[in-house]
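Welcome, and thanks for taking a look at this one with me.

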Amino acid sequence: MNHALTELKERLAVINDLHEAVALLSWDQHTYLPPGATAARGQQLATLSKLSHQLLTDSAVGKLLTALESVPLAPDSDDAALVSVTRRLYDRASKLPSDFVEAFAKLHTQAQQRWAEARRHKDFAQFAPLLAEIVAMTRREADYLGYLDHPYDALLEGYEPGMRTAEVKRVFAELKGPIVALVQAIKAQSRLSDAPLRQPFAEAKQEAFALEIAQAFGYDLSHGRLDRTVHPFAQSISKYDVRITTRYNPEYLVPALFGTLHETGHALYEQGVADEYYRSPLGEVQSLGLHESQSRLWENLVGRSLGFWQYAYPKLQTYFPALNAVPLAEFYAAINRVEPSFIRVEADEITYNLHIMVRFELELALIDGTLAVSDVPEAWNAKVTEYLGITPPDDALGCLQDIHWSMGGIGYFPTYTLGNVMSVQLFEAAKRAHPEIAADIAQGRFSTLLAWLRDNVHRHGAKYEPSELLVRATGSRLNAQPLVGYLEGKYRALYGLA
Ligand code: ZN
């Protein structure tokens, strides 16, 4: 049995090395790759992905798994988790015929180009035929993968292991009413100004400040680096090399500052995975929701809190003396201004979740077959009007704004709000365990919080499904109430609501 386990681990380590090479090539593609090398890079990535897929779906891996499943491994042991996590990856990869995977990948490339053109022309009709093909192939994908209740379950599983459509519906239903009501109450108040954030901010100083805070949070630059890109992301090459990227607006502080704190949260997660999971699937975090819980925790629950800025604002003022004229309370209000808007990625902490609900409900209807692709713009605009009280003037500000569907990413969107929900559950559990965390943050000490996250979340890598990890860490299953309570408490105070 030891022999089977050793052989499985050796095979998985090789696959992991290929994944790391793909990660590095992909990071390079989005940062420094000369434009003339794009096609060659695409070929390199395709070859490596094909190789790692072949190694994973090798029938020898299936035989090793079957052999290991026939003997009891200690429950809750890393070895038992390795077998079940690998089984899940192996089954998903093996169920899709390779000609289907290849055809779908080609469709993605074509659809992304068409989506970009359609968005430029603000004309959904140009993208509609491709989206119809994507929906049809996604339905086939769900059928290949299998599901019990709803085909959307099979899609969710790829982004959030163990998550089910019914569970997402339950949590979103708990959120929707209170959030819509809060947005309406805020809209009835006088608006907060974000003028202090919209003035000249030298890029080099923005970078230096953001890096200072990222390091104070615990981001280890001897195992990471910060570069510039158009669409910011965090990329783990291995836990020993976790890189983040950001973009700068010299007239607006928010994108680089909060973008960097967000990506730092992702990076802290990857840097914190247990050393013993290196070169194993247990070291590759599978849940996008948990990942987003970490980025949102550092960006919002810490980075947009008053306590944090009691520590950080004097520092920021030394970088940007123009802010000496802006009192802390005004700055805090500016970074937390709530304003219904059309574009998801620019949305505030509250309305962001409504953008996600719109997408989730439309995706379900598309996969159900209850919504025709040609009716997407109308359905989109109706929901945005209902939830946010504003109506998109065109498709670019509406249903064409996100790249996800053109990449076949139906099922991805809910993980953003699941991350927001989990972030508050985890933060509250950390503060219950260490009531001094709030005072620590106001003093610029983040080590107690980070240590709790390391022990309860980061170190476990992919060992537990998100629902199990959440119960272990917080004592509760997925629950929207902490997020509702946090948003109501914070924003009722900020906007002087009853
Ligand atoms: Zn993120």
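How many bridges join strand 2 to strand 3, and do these strands run parallel or antiparallel? Keep in mind as you look that this is a predicted model.

1. **The sheet.** Strand 2 and strand 3 (residues 241-246) run antiparallel, and 4 bridges join them. Here Ser 236 stands opposite Val 242 in strand 3. These strands belong to an open sheet of 3 strands, with the order 1-3-2 and mixed pairing. Strand 1 (224-228) and strand 2 (234-238) are the edge strands, each pairing on one side only. On average, neighbouring strands of this sheet are turned by 20° against each other, direction ignored.

2. **Helices across the sheet.** Helix 1 (residues 2-29) lies across strand 1, strand 2 and strand 3, and runs at about 145° to strand 2. Helix 10 also lies across strand 1, strand 2 and strand 3, at about 165° to strand 3.

3. **The zinc site.** Helix 10 (residues 254-271) also holds His 262 and His 266, which are separated by about one helical turn because they are 4 residues apart. Both His 262 and His 266 are buried. Together with Glu 292 (OE), these histidines, each through NE2, are the protein donors of the zinc ion, at 2.1 to 2.3 Å from it. Along the chain, the donors follow the spacing H-x3-H-x25-E.

4. **Helix 5.** Finally, have a look at helix 5 (residues 98-120), whose 23 residues reach 33 Å from first C-alpha to last, close to the 33 Å expected. Its buried residues, among them Phe 100, Leu 107 and Trp 115, pack against helix 6 (124-145). Just after helix 5, Lys 122 takes a positive phi of about 55°.

Key: Residues numbered from 1 in each chain as written. Predicted model: local features only at pLDDT ≥ 70, side-chain atom pairs only at ≥ 80, totals over all residues. Heavy atoms only, no water. Donors = N, O, S within 2.8 Å, 3.2 Å for Na, K, Ca; no water. Helix = DSSP H or I, 4+ residues; strand = E, 2+ residues; numbered from the N terminus. Buried < 20%, exposed > 50% of the residue type's maximum accessible area, 1.4 Å probe, protein only. Expected span 1.5 Å × (residues − 1). Contact = heavy atoms within 4.5 Å. Pairing = 2+ DSSP bridges. Axes fitted to C-alpha atoms, helices over the stretch in contact; angles between N-to-C directions.
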